[in-house]
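Biologist: Hello! Could you show me the structure, so that we can go through it together?

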Amino acid sequence: MWLIALFTFREAWRKKVVLLAGVLTLAFLILYGTGLHFTLGDRVYPSDPAAADFFEMMEAITLFSMGIYLAGFLVAGLAILAAVGSIAGEIENGTLYPLAARPLSRRALLLGKYFGLAAMLVTYAALFFLALSGLIYWQTGLVIPGLAPALALFILKPLVLLSITMMGTTWLPTLGNGVLAFGLYALAVAGGMMEQIGVLMGSTAAVYSGVITSFILPADAVYRMLVATVVHRLPIGNGQDMPFFNPQMILGPFGSQSTPSDWMLVYTLAYIVILLAVAVRTFKLRDI
Amino acid sequence: MAIIEVAHLTKVYGQQVACRDICLSVEEGQIFGFLGPNGAGKSTLVKILVGLVYPTAGEAKVVGYAPQDIRGRRQIGFLPENFRLHGWLKGEELVAFHARLAGLDGRTARRRAYEVLELVGLAGEGRKLVANYSKGMQQRLGLAAALVGDPRVVFLDEPTSALDPLGRREVREILLTLRAAGKTVFLNSHLLSEVEQVCDRVAIINRGTVVADGRPEELQAGPATVAIRLGALTGELAAELRRRYPDLQLEGDRLSLALGSREEVAELVARLVAGGCRIYEVTPGHNSLEDIFVHLVKEGELLCG
């Protein structure tokens, strides 16, 4: 399994997937950093020092959340595109036959591919997250509260998408799998946004629809958990000493007014394991 | 000892029967040729034997194990038809990777990779990216990958389809070398002359069913033709021969007809001499594997409409 994982990781590297993603990410970071610099340059704060500190911090957190939200799209895109044809595509183009006839179980082959791609995605997502956090620190002096758990949650998102894409590629052709994965991701993002707006507007139906989409694909829920993790660790504010300025409300649709419970984290981890188990079983039983 | 055993194996895709009740047995150390027209079920059977496809019914064993069994897979090599190799790797990296998958350690894998690259005529080409290889070179590289684990059984599905005549001859020599080393080769090929030259046993499959199985000389001992140049053939004897051999053709002093087997040639000549004919020349027709193949495939088409 580890031979295949290493092979898959090297494949992503040699095919310049990481390089291309890196160049795009650098462009994104330059754009984001420029925006950050000029946005913070134009700031005007209240005369009350406590309120000024709070707003200054919340501005940094808002810009960070926006950055992470948008970075999530790039990471999700890379996760889906990297895995979309990893089984079906290799059967279609004939590269899987020599490998699958080797003394290697189908489970080892599939999980090897998963772990190889996961290693690439985790490295990419971690560097992306730390670069964004570094930019925020450079421009505002704020160390993102709960940096380590937030990083772990940011990494979790591509792993969720990777698992559903790997499951899809064991029984769907490449194009169909791409449509399914991107479709579900769009559904999860739209549902998550609707859930937050539902809380702001007081619409229970909108909140429930978001919850349901989180169960179908907990990608957006992971982002909301990340934001909640950061906001709950803010040194001041937190909606207690300034009840009229709930930080989550300031973050608007990028915030986490409707925060998923800890059970959602358990559900997400179980989701990955179950999807991989289904993928292994489907791959094991199919003709190649 | 049979190293490949197939018993009543059937594979059905939806409504289409790819293999129907196939029974085969291949002895260790043989080159076994598996022939059939396009879509006859050859590749499906090979895929079943290497564990890529599950049979609908029946059983197959390779090296004493079910095709999905890892213990058996350690002892096989496989060159698929219509395969593609990972173009981002260098040739020697690809072969060494297959060696690692076959269970060799890193150092042995690299050494073995050089050996098989040399064997297939790619010595000195190993540092090129596979993407830059020609189709023929890729086929040689695929063969190297199949052989790198030093397997007891090698399944080769159309191994020479992209090669020029020189390359085909080299592959034939490799097959003979493998046989000399005691390896078993299961060869799927359209190239009948190639099969005829190297195979110890041959099976012909048509429409998913094995229609002939045996040593090439056994198959060739079947229906035969003969051409005879003769004189003094009487009308009475000619009529008698026409009754016995309906497709007899007589043009001048040349008589040609089809016999049940080549053994009947002597009997025919004896009858002609006894009937007062003078025999100037007897030319038995060569019953090539291609003749048998075409005959069996056409027969199958007639039976199935």
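Biologist: How many salt bridges are there between chain B and chain A?

Modeller: This is a predicted model, where local features need pLDDT of at least 70, side-chain atom pairs count only at pLDDT 80 or more, and totals for chains, interfaces and linings use all residues. Residues are numbered from 1 along each chain as its sequence is written, chains are lettered from A in the order in which they are written, and side-chain values use heavy atoms, with hydrogens and water left out. A salt bridge is a side-chain nitrogen of Lys or Arg within 4 Å of a carboxyl oxygen of Asp or Glu. Between chain B and chain A the count is three.

Biologist: Which side chain of chain A meets K11(B) in a salt bridge?

Modeller: Side chains of opposite charge can pair when their charged atoms come close. Here the N to O distance is 2.6 Å, and the partner of K11(B) is D287(A).

Biologist: Which element gives the most to the side of chain B that touches chain A?

Modeller: Helices (H or I, at least four residues) and strands (E, at least two) are DSSP runs, numbered from the N terminus. Elements that give two or more residues to this side include β1 (2-13) and α5 (135-147) of chain B. The most, five residues, comes from α3(B).

Biologist: How large is the area buried between chain B and chain A?

Modeller: Buried area is the accessible area (1.4 Å probe) that two parts lose on being put together, summed over both. In chain B, L52(B), W88(B) and L101(B) lose the most area to chain A, together 29% of what that side buries. Carbon and sulfur atoms give 61% of the total, which is about 2,700 Å².

Biologist: Now a pair within chain B: how many residues apart in sequence are the parts that K183(B) and D150(B) tie together?

Modeller: Their side chains meet in a salt bridge (2.9 Å, N to O). K183(B) lies in the loop between α6 (165-180) and β7 (184-188) of chain B, and D150(B) in the loop between α5 and β6 (153-157) of chain B, so the pair ties together parts whose separation in sequence, in residues, is 33.
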